[in-house]
Amino acid sequence: MRAVKWALACACVVFGCAVERTPAPQPHVAVGGDSPLAAMFVRVAAEQGVAADTLAAASYVRTRFRFATADGAEAGGAIGLVGIGEHDVARAAMLAGVTDAAVRTDPEASLRAAAALIHADGLGSLQREVDAALARGIDGRDADGLSIVVAAHRAVAPNDGLGTTSQSVNYPGAVWMPASTSNYQVASRGAGDVDHIVIHDTEGGFDGTVSWFQDPAAQVSAHYVVRSRDGFVAQMVAEKNIAWHDKCFNTTTVGIEHEGFAAHPDLWYTEPMYIASATLTSYLADKYSIAKQHGPILGHGEAPDCSDHTDPGPGWNWEHYIELVQSGGAANFLAGDLVVDAPAALHSGELATVTVTLANHGTAAWDLDATRVGTQDPQDRDSDLFVDGDWIAPDRATAVDTQTPAGTTGTFTFQIRGPDVAAPIVYDEAFQLVEEGVAWFGPTFHVVVQIVPADAMPPDSAGCTTSGGAGGLVVVVAVAGLRRRRRR
Ligand SMILES: [Zn+2]
């Protein structure tokens, strides 16, 4: 069923007068949300002559909107909301007219410095990830759980391309992005020569990690690197060769790096990454006859490797990961127990909050930014209830409010605005959950709201207003089968 509007004004039912509708709105607010960071991105970007959404996306890509300090937990030792490299801090501070110390301690000063650096030098190695983030939009959270929404650039094709890519030498699900030959030992390992799979996290970004392993000075590498946002897998060293990922536990192991920071597993260890990594590990376990158990498959921090590394840290969900490995990476997205809390009626132009709760009945977690409410019937339809600055795009109302593991209940909160109407109309808009790039899932649900003209009587009393000889006609709108709860 597509979105249906019933004309409620009785006069119109009787006399067939036209109901005016406005065209579907388009996004104009580049960065919105209730976090104070949203306004800060807009303010600082304007002041430094860069685009606000570019600045916000750069912060998302580098730190997931966290303020990074030199301890490395947020951005691998890079500084501030956009993770400025230590070697760039002094110049960035100078360009922005702030002090070095302020960049390291004050979020707004760090943002000014980053914006000045982007204005002077461009995005450099961040360009591809920023483009990809802007293409699909961002619904992120600051450290206090408040939202930062960056509108999707829907005209731009998602830039997941990695230039000219080629098939990996081993795992068919990977793209071959070879490490520098200075960063591993050539060998001729076969099926009997690998007995453990070592799980790491990068404590850095995906692109930065790939670049580092391609730098002859690095003297480190891993066979595979998996990207956080979508589970993209790069193969960097052939499995027959010995990658240097694990100080003295390399000879009989395959190493897999995961983009992210152990301090923030909820922000970086996403379901698409778990699924992609587990599919790879399942393939490796079959190939080398390694038991699909936590033990032969182990974290760097657990490996007998004479280093002090602790990755991927306590936030890595081993129980979930091993289950995924045992199922060959098969995770399912299922949702039920739907409750929609929406207003029954709104004036044109009036804002209201819609809260949708759904139980996660699948085996996959729902992630910040990745698990979203999308329009249905037809899918990816522009919604008339779209709110600029609150929605990610006219076909994406919001993402899940917090990471929602399997077996728990997720909440999706978004605003709706009453469209301009000349006469009362009931809008019935269909939505469904979508794991971006993976699947649509769960029940299709409806937000049904009566919209009355801005100058009409209050919505609560705006039933069927009769006029023009239509007195006595009763219009009953049957909204059968809808599971919804009225707010008032
Ligand atoms: Zn490691």
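Author: Two residues are in contact if their C-beta atoms, placed from the backbone, lie within 7 Å. Bear in mind that this is a predicted model.

Reader: What share of the contacts with a separation of 6 or more comes from residues 24 or more positions apart?
Author: Take the contacts in the chain with a separation of 6 or more. Residues 24 or more positions apart account for this share of them: 72%.

Reader: How many helices and strands are there in the chain, and what percentage of its residues count as buried?
Author: The chain has eleven helices and 22 strands. A residue is buried if 20 or more other C-beta atoms lie within 10 Å of its own. Of the 488 residues, the part that counts as buried is 49%.

Reader: Which strands stand at the edges of the open sheet of three strands?
Author: The order in this sheet is β2-β4-β3, with antiparallel pairing. An edge strand has a single partner strand, so one side of it is left without a neighbour in the sheet. The edge strands are β2 (31-32) and β3 (138-141).

Reader: Which residue of β4 stands opposite G32?
Author: β2 and β4 run antiparallel, joined by two bridges. D139 stands opposite V149 in β4. G32 also has its place opposite a residue of β4, and that residue is V149.

Reader: Which residue of β4 is the bridge partner of I138?
Author: β3 pairs with strand β4 (residues 147-150) over four bridges. The sense of that pairing is antiparallel. The partner of I138 in β4 is V150.

Reader: Are S147, V149, I148 and V150 in β4 buried or exposed?
Author: S147 and V149 point one way from the strand. I148 and V150 point the other way. On either side, the state of these residues is buried.

Reader: Is G145 buried or exposed?
Author: G145 is found in the loop between β3 and β4. These strands form a hairpin with five residues between them, and G145 in the turn has a positive phi of about 85°. The cut-off for exposed is 12 or fewer C-beta neighbours. G145 has 11 inside 10 Å, so it counts as exposed.

Reader: What separates the C-alpha atoms of G145 and D34?
Author: Along the chain, G145 and D34 are 111 residues apart.

Reader: At what angle does α3 run to β4?
Author: Helix α3 (residues 52-63) lies across β2, β3 and β4. Its angle to β4 is about 125°.

Reader: Why are α2 and α6 oblique to each other?
Author: The axes of helix α2 (residues 36-48) and helix α6 (residues 107-121) come within 9 Å and cross at roughly 45°. Angles under 35 degrees count as roughly parallel, and 65 to 115 as roughly perpendicular. The α2 and α6 pair is therefore oblique.

Reader: How many charged residues does the contact of α2 with α6 have?
Author: M40, V44, A45 and Q48 in α2 meet residues of α6 that include E108, R112 and H119. By class, the contact has six nonpolar and two polar residues. The number of charged residues is two.

Reader: What is the handedness of the crossing of α10 and α11?
Author: Helix α10 (residues 271-288) packs with helix α11 (residues 318-326) at about 55°, their axes 8 Å apart. The two are therefore oblique to each other. Their crossing is right-handed.

Reader: How many charged residues are in the contact of α10 with α11?
Author: Y274, I275, A278, T281, S282 and A285 in α10 meet H320, Y321, L324 and V325 in α11. By class, seven residues are nonpolar and three polar. The contact has no charged residues.

Reader: Which residue of β19 does A352 stand opposite?
Author: In β16 (residues 351-360), A352 belongs to the covered face, as do V354, V356, L358 and N360. β16 and strand β19 (residues 409-417) pair in the antiparallel sense over nine bridges. The residue opposite A352 is I416.

How values were computed. Residues numbered from 1 in each chain as written. Predicted model: local features only at pLDDT ≥ 70, side-chain atom pairs only at ≥ 80, totals over all residues. Axes fitted to C-alpha atoms, helices over the stretch in contact; angles between N-to-C directions. Parallel < 35°, antiparallel > 145°, perpendicular 65-115°, else oblique. Left-handed = near helix turned anticlockwise from the far one by under 90°. Nonpolar A, V, L, I, M, F, W, Y, C, P; charged D, E, K, R; others polar. Pairing = 2+ DSSP bridges.
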